[in-house]
Amino acid sequence: MKEKYIVKTGNKTWWALIAASILLIIIIKNIFKNSSLETIRTFMIVFSIFNLIYLFIYKTSLSKVEGYDYLWANELPFYLCNIGSITSLFASISLNPTLMAFCFVEGTFGALLAYLMPDGGFERVSFFSIMGLGFYGYHGLLMVINMLYVVLGLYVPSFSELIPMLVYNSIILIVVHFINILLRKNIHPKANYIYTIDATNPVLKMFYKILPIKCLYLFLTYPLVVLLYAILVYAYRLLI
């Protein structure tokens with residue numbers, strides 16, 4: 001059965017998982033369409049905690065996968081999606097618009113990119129394996145959580161959160177870059193959370209050629225983030 005449900009970008013199983021994420025959003029929206037703000041907030045807190053527990057189980061379970069190059073220092077929660085999961089909990093608790101904007105825009109986009117461009121051995125795996133359920137299950141749930149901020153009416157996309165969101169993102173990049181440096185000196189010589197040191201995919205390599213300075217080259221992605229943000233804001237206004 002495992003071989004029957006191989007996940008590879010663009011294949012039937014991959015599309016089925018995308019469809020399942022969309023369906024889950026629709027179901028949750030209908031369940032909570034007449035609920036109070038406090039009920040929705042409580043649900044989002046619980047959902048965010050569940051996602052973090054799922055992430056912890058997924059990361060620790062990778063140590064049991066035969067042939068997977070497991071190193072605990074490479075599975076710490078410093079990837080952009082993992083930071084998005086942590087942020088979603090604080091966003092759900094506080095309903096802070098900047099945090100919700102970060103989750104909705106960068107969190108959703110990051111989770112979708114993980115689906116579109118998986119690496120590290122996740123490019124072709126069975127969904128019913130530890131790697132499949134972990135990687136695709138986790139990122140699928142993260143996409144759902146991040147979209148729900150808008151779908152459930154907790155966050156209304158507006159340009160007022162754009163600058164604060166970019167500042168928050170910049171702080172994350174700088175902090176994670178120093179974490180990478182510390183890990184490389186003492187524990188993990190190839191630490192590369194959020195790709196602050198090595199550009200490992202074609203898109204990031206293009207930016208690094210333009211600005212060959214570690215960490216700072218990632219700031220060249222900001223015009224794309226601004227464009228994505230603008231598209232989402234205007235799309236929301238057209239649909240409402």
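I looked up which helix gives most to the nonpolar patch: α7 supplies the largest share, three residues. I am working from a predicted model, where local features need pLDDT of at least 70, side-chain atom pairs count only at pLDDT 80 or more, and totals for chains, interfaces and linings use all residues. Residues are numbered from 1 along each chain as its sequence is written, and side-chain values use heavy atoms, with hydrogens and water left out.

The patch on the surface is formed by Leu112, Leu116, Met117, Val203, Met206 and Ile210, which together have about 510 Å² of accessible area (Shrake-Rupley method, 1.4 Å probe, only the protein chains shown counting as cover for residues). Two elements, α4 (97-116) and α7 (202-210), each give two or more residues to it.

**Val203.** I found Val203 in helix α7; helices are DSSP runs of H or I, at least four residues, and strands are runs of E, at least two, numbered from the N terminus. Val203 counts as partly exposed because its relative accessibility is 39% (buried is under 20%, exposed over 50%, partly exposed in between; 1.4 Å probe, protein chains only).

**Ser88.** Next I checked Ser88, which sits in helix α3 (residues 80-94). Ser88 is buried, because its relative accessible area is 0%. Leaving out residues up to four places away in sequence, Ser88 touches Ser48, Cys103, Ile145 and Tyr149 (contact means heavy atoms within 4.5 Å).

**Whole chain.** I noted eight helices and two strands, and buried residues make up 47% of the 240 residues.

Notes. Patches are made of residues with over 30% relative accessible area and no salt bridge: like charges are joined within 9 Å, nonpolar side chains (Val, Leu, Ile, Met, Phe, Trp, Tyr) within 5 Å. A salt bridge is a side-chain nitrogen of Lys or Arg within 4 Å of a carboxyl oxygen of Asp or Glu.
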